[in-house]
Amino acid sequence: MNKALKIIGFLGIFVLMALAMEDPFVFVNIPSVVIVGGLTFCGLLASGHKIIASVSAITDKHASEDQLYDASDTFNEAGRFSISAGVVGVLIGVVLMLGHMDDPAAIGPSMAIALLTALYGTICKYFIFGPLSSVLDHRAVAIYNQKAENGGN
C-alpha cells in the first residue's frame, strides 16, 4: 500500500472524529489520558516489551524481519493493554461517581473519566496500535517473501 495513502488514512480517522464532535476539546480529559496512557505504558514495561525499539522500527527502513515482528507484537500488546486500561478507567470513574452521589456537581467529571477512558482505550486499540501492528506484520512478511525469492539469502 502506498505510504501517502496510509498517512491520509491515519489523518482521516482523526479528522472525521474531530468533525463528529461539536467541541473536540470537551473530549480532552487529563485523568483519562493518564489512566489509559500510563497503564498501557507500564503494562508494556512490566511485560518486558522493548518500547523504544518498537517505535524506532516504524521508521527504520532497514529493520530486520525479527525486529518488525517484535515491534508488531509490542503494538498488538499495547492495544490489549489500552482496552484493559479503558475498562479500569470505567471502573474508577464509576467508583468516583458513586462516591460523589451527595454532590451532583462532582458526578460529571467522574462520568467523564468513566466514558473517556473507554473511548481512549478503544481509539488506541483499533485506530492506532492495531493498524501499526498490521503495517509492521506486512513489512515483515514482505522481507520474508523477498528472502524466499532470493533463495534464503
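Residues are numbered from 1 along each chain as its sequence is written. Because the model is predicted, local features need pLDDT of at least 70 and side-chain atom pairs count only at pLDDT 80 or more, while totals for chains, interfaces and linings use all residues; side-chain values use heavy atoms, with hydrogens and water left out.

**Stop 1: helix 1**

Select residues 3-20, which make up helix 1. Helices here are DSSP runs (H or I, at least four residues; strands are E, at least two), numbered from the N terminus.

Pick Leu 5, which has its place in helix 1. At 48% relative accessibility, Leu 5 counts as partly exposed. The terms work as follows: buried means under 20% relative accessible area, exposed means over 50%, and partly exposed is in between (1.4 Å probe, protein chains only).

Phe 14 is partly exposed, at 37% relative accessibility. How far apart in space are Phe 14 and Phe 127, C-alpha to C-alpha? The distance is 9.0 Å, although 113 residues separate the two in sequence.

Leu 19 is in helix 1 as well. Its relative accessible area is 65%, so Leu 19 is exposed.

**Stop 2: a nonpolar patch**

Select Phe 25, Val 28, Ile 30 and Val 34, which make a nonpolar surface patch of about 460 Å². Val 28 lies in the loop between helix 1 and helix 2 (30-46). A patch is built from residues with over 30% relative accessible area and no salt bridge, joining like charges within 9 Å and nonpolar side chains (Val, Leu, Ile, Met, Phe, Trp, Tyr) within 5 Å. Areas come from the Shrake-Rupley method with a 1.4 Å probe; for residues, only the protein chains shown count as cover.

**Stop 3: helix 5**

Select residues 104-149, the 46 residues of helix 5. At 1.5 Å a residue, helix 5 should span 68 Å, and its end C-alpha atoms are 67 Å apart, which agrees. The expected span is 1.5 Å times one less than the number of residues.

Where in helix 5 is the kink? A kink of about 35 degrees lies at Phe 129, shortly before the proline Pro 131. The bend at a residue is the angle between axes fitted to the seven residues ending there and the seven starting there. Just after helix 5, Gly 151 takes a positive phi of about 80 degrees.

**Stop 4: the aromatic pair**

The whole structure holds one aromatic pair. Phe 75 and Phe 129 form this stacked pair, with 6.2 Å centre to centre and 20 degrees between the planes. Phe 75 is in helix 4 (residues 65-99) and Phe 129 in helix 5, 54 residues apart, and the pair links these distant parts of the chain. Both Phe 75 and Phe 129 are buried. Rings of Phe, Tyr and Trp (its six-membered ring) pair if their centres lie within 6.5 Å; planes under 30 degrees apart are stacked, over 60 edge-to-face, and the rest tilted.

**Stop 5: salt bridges**

How many salt bridges does a search of the whole structure find? It finds two, each a side-chain nitrogen of Lys or Arg within 4 Å of a carboxyl oxygen of Asp or Glu.

Select Lys 147 and Glu 65, whose closest N and O atoms are 3.6 Å apart in a salt bridge. Lys 147 lies in helix 5 and Glu 65 in helix 4, so the pair ties together parts 82 residues apart in sequence.

Finally, select Glu 77 and Arg 80, which form a salt bridge with the closest N and O atoms 3.1 Å apart. Glu 77 and Arg 80 are three residues apart in helix 4, separated by about one helical turn.
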